[in-house]
Amino acid sequence: MSIDFSKATGIHDDALRLRAERTKVLASNVANVSTPGYQARDIDFAASLRSALGSGDGFVDDLPLDTGGQDLMYRVPYHPAQDGNTVELGVEQAAFAQNAMEFQTSLTFVNMKLKGLAKAISGQ
Amino acid sequence: MSFKQISQIAGSAMSAQTVRLNTIASNLANAQSAAGTPDSTYHARKPVFAALAAREGLGEQQLPGARVQVLDVVESQEPLRKAYEPENPLANENGEVFYPNVNPVAEMTDMLSASRAFETNVEVLSRVKSMQQSLLRLGDA
C-alpha cells in the first residue's frame, strides 16, 4: 500500500491555484479603478464547475476543477462610468474579500489532509 | 502561485496614484501663479492612466493581470482666467494678467479619490501578504 501524494490533497490544490489566480484578476480590477476604458474581469467559477461536470459520466466522487483554459469574463456594471471604466470598487472589494476567505478555506482543508497524512505516517 | 504579480499590480496602482497626487499638489500650489502671457501661465496638469496587461512569464495556467501605467501627463486646455490688474508688476501693456485654469474644488475631490484608491491598494497588498504567510505556515501544527 502506498500513498499517492499528488492525489492526497484532492481538489483543494487546484482550488487554491484558481483562487490565487482569481486574486490577481481582482487585484487588477482594484488597481485600475481610475484607468479610463478599463473593463473589469473575473473568472466564472460556475462555468468552470459546469464544464467539469459535463465531462464526467454523471457519477463523480472526486470532482476535478477545470483549472486549464478557463476564460476571463467581463463584469457587467450596475452603473457604467462615462469614461468606459466598468470597475465598481464596492463590488470588487466584496469579491476580493470573499475570494480571500475561500482561499483560507481551501488552505485549511489542505492543512487538515496533511495533518492526517502525518499522523498516518507516524503511526499514531 | 502568482503573488509576486499581485504585488506588482498593486504597487503599480500605488505609484500611479502617487503621480496623480503629485500633479494635484502642483496644481493646487500654483493655483494663484499669475503670469503676463497665456503661454507662460501655469496650466493644470492631469495624468493619463492606461492598463498594461502583465503577460511576462505567462504559463498556460496563468491568467493575465493588468498593471497601471502612467502614459503621459497632459496640460488642461481649459481657458485661462484673465484679470485686469494694472498694478500687478506682471501685467502686459493692456494691464491684464492671466491666472492658471486650476479648479480647486475639482482638485480637492480628485485628491480624495486618489488617496482612497491608494489606500484600497494598500489593503489589497496586506491581504495578499496574509494569504502568502498562511500558505507558508502550511503543515504547521
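Predicted model: local features only at pLDDT ≥ 70, side-chain atom pairs only at ≥ 80, totals over all residues.

Colleague: What share of residues 8-31 of chain B is helix, and how far apart are the end C-alpha atoms?

Modeller: For an annotated span, I look at its secondary structure and at the distance between its ends. Residues 8-31 of chain B are 92% helix and 0% strand, and the end C-alpha atoms are 34 Å apart. UniProt places a feature of that name, also from an unreviewed entry, at residues 15-39 of chain A. There the chain is 68% helix and 0% strand, with 25 Å between the end C-alpha atoms.

Colleague: Where in chain B does UniProt place the feature "domain: Flagellar basal-body/hook protein C-terminal"?

Modeller: That feature, from an unreviewed entry, is at residues 100-138 of chain B. The span is 85% helix and 0% strand, and its end C-alpha atoms lie 58 Å apart.

Colleague: Now the overall layout. How many helices and strands are there in chain A?

Modeller: Chain A has 4 helices and 2 strands, and from the N terminus on the order is α-α-β-α-β-α. Chain A has 124 residues, of which 40% count as buried. Sequence separation is another thing to read: among contacts in chain A between residues at least 6 apart in sequence, 75% join residues at least 24 apart.

Colleague: How do I read a helix pair, and at what angle do H2 and H4 of chain A pack?

Modeller: Take the angle and the axis distance, then see who makes the contact. Helix H2 (residues 12-31) and helix H4 (residues 89-122) of chain A pack at about 160°, their axes 9 Å apart. Since angles over 145 degrees count as roughly antiparallel, H2(A) is roughly antiparallel to H4(A). Their crossing is left-handed. On the H2(A) side the contact includes Leu16(A), Thr23(A), Leu26(A), Ala27(A) and Val30(A), while H4(A) contributes, among others, Phe96(A), Phe103(A), Leu107(A) and Phe109(A). By class, the residues of this contact are 13 nonpolar, 5 polar and 5 charged.

Colleague: Is H2(A) roughly parallel or roughly antiparallel to H1(B)?

Modeller: The angle decides again. H2(A) and helix H1 (residues 3-29) of chain B cross at roughly 5°, and their axes come within 9 Å. Angles under 35 degrees count as roughly parallel, so H2(A) is roughly parallel to H1(B). Ala20(A), Thr23(A), Lys24(A), Ala27(A), Ser28(A) and Ala31(A) of H2(A) meet Gln5(B), Ile6(B), Ile9(B) and Ala13(B) of H1(B). This contact has 6 nonpolar, 3 polar and 1 charged residues.

Colleague: And which residues make the contact between H2(A) and H2(B)?

Modeller: First the geometry: the axes of H2(A) and helix H2 (residues 104-136) of chain B come within 10 Å and cross at roughly 165°. That angle makes H2(A) roughly antiparallel to H2(B), and the crossing is left-handed. The contact is between Leu16(A), Thr23(A), Ala27(A), Val30(A) and Ala31(A) of H2(A) and Thr120(B), Asn121(B), Val124(B), Val128(B), Met131(B) and Leu135(B) of H2(B). In class terms there are 8 nonpolar, 3 polar and no charged residues.

Colleague: Let us finish with single residues. Where does Pro36(A) lie, and what does Pro36(A) touch?

Modeller: For one residue, I check its place, its accessibility and its neighbours. Pro36(A) is in the loop between H2 and strand S1 (41-43) of chain A. Its relative accessibility is 44%, so Pro36(A) counts as partly exposed. Leaving out residues up to four places away in sequence, Pro36(A) touches Asp83(A) and Phe49(B).

Methods
Residues numbered from 1 in each chain as written. Chains lettered and ligands numbered in written order. Heavy atoms only, no water. Axes fitted to C-alpha atoms, helices over the stretch in contact; angles between N-to-C directions. Parallel < 35°, antiparallel > 145°, perpendicular 65-115°, else oblique. Left-handed = near helix turned anticlockwise from the far one by under 90°. Contact = heavy atoms within 4.5 Å. Nonpolar A, V, L, I, M, F, W, Y, C, P; charged D, E, K, R; others polar. UniProt positions renumbered as here; feature names shortened; annotations may be inferred. Buried < 20%, exposed > 50% of the residue type's maximum accessible area, 1.4 Å probe, protein only.
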